[in-house]
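Let's take a walk through this one together. Have a look at the fold first, and then we'll go through the details.

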Amino acid sequence: MYGPIFEARNRGVAIRNYFNLLRKVAEWDRDAYELVQVGFWDAENGVLVPAKEVVDVNIPRFEDVKQRKFEFEEEANAK
């Protein structure tokens, strides 16, 4: 089951927003949630363009984010 979609400027912002939402979820229930990309917002034409398939976003574990023991994919690839 999918929840409401939200728009984020980039993958890093989407992950940060996702973890902010998870803070409100009981710790034992966090594994029930996952972040997926269903498409992208075309700001020029004002439409949501669906992805060819739902993309599971590769994200660090909540505990690692809390302790700052991770690098976002973009940061890791820039090194």
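What percentage of the 79 residues of the protein count as buried? The figure is 22%, where buried means under 20% relative accessible area, exposed means over 50% and partly exposed is in between (1.4 Å probe, protein chains only). Keep in mind that this is a predicted model: local features need pLDDT of at least 70, side-chain atom pairs count only at pLDDT 80 or more, and totals for chains, interfaces and linings use all residues. Residues are numbered from 1 along each chain as its sequence is written, and side-chain values use heavy atoms, with hydrogens and water left out.

Now for the layout. The protein has three helices and two strands, and from the N terminus they run α-β-β-α-α. Helices (H or I, at least four residues) and strands (E, at least two) are DSSP runs, numbered from the N terminus.

Inside, look for the one aromatic pair of the structure. Tyrosine 18 and phenylalanine 19 sit edge-to-face, 5.4 Å centre to centre with 65 degrees between the planes. Rings of Phe, Tyr and Trp (its six-membered ring) pair if their centres lie within 6.5 Å; planes under 30 degrees apart are stacked, over 60 edge-to-face and the rest tilted. Tyrosine 18 is buried at 8% relative accessible area, and phenylalanine 19 is buried too, at 4%.

Over in strand β2 you'll find valine 54. Valine 54 counts as partly exposed because its relative accessible area is 43%.
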